[in-house]
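Hi everyone, thanks for coming.

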Amino acid sequence: MINYTEFLTATVDKKTALTMQNLWFAFHHFDVDNSGFITESSLQEVFHREGRKFSPDSIRDMFRQVDVDNKGKISFEDFTKLMKSTLEAANH
């Protein structure tokens, strides 16, 4: 099983990922309905579009790892914090 953080780390070029433009691009990739938030259903939709097979429980687990404030949605600010901490940890 792969968790959400591992997925992001594996799919992002660490050298260029932390630019604001790239963070916006990545965020909007997961914000499929342009609501300004990533939701569990949008995460599921992205994986479906990419042909990745994850069970609903796996997607729920991935989402919960990132949705630390349990609001049921991830803002760009939350996403940016996650990406920066994940990529910086991967570089050490």
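How many salt bridges does the count come to? It comes to six, where a salt bridge is a side-chain nitrogen of Lys or Arg within 4 Å of a carboxyl oxygen of Asp or Glu. Before we look at some, a word on the model: it is predicted, so local features need pLDDT of at least 70 and side-chain atom pairs count only at pLDDT 80 or more, while totals for chains, interfaces and linings use all residues. Residues are numbered from 1 along each chain as its sequence is written, and side-chain values use heavy atoms, leaving out hydrogens and water.

Let's begin with Glu40 and Arg60, whose side chains form a salt bridge at 3.5 Å, N to O. Glu40 lies in helix α3 (residues 40-49) and Arg60 in helix α4, so this pair ties together parts that are 20 residues apart in sequence. Helices here are DSSP runs of H or I, at least four residues, and strands are runs of E, at least two, numbered from the N terminus.

Next, Glu45 and Arg49 meet in a salt bridge at 2.9 Å, N to O. Both lie in helix α3, four residues apart, about one turn of the helix.

Then there is Arg52 with Glu50, their closest N and O atoms 3.1 Å apart. Salt bridges with shared partners also join Glu40, Asp57 and Arg60 into one network.
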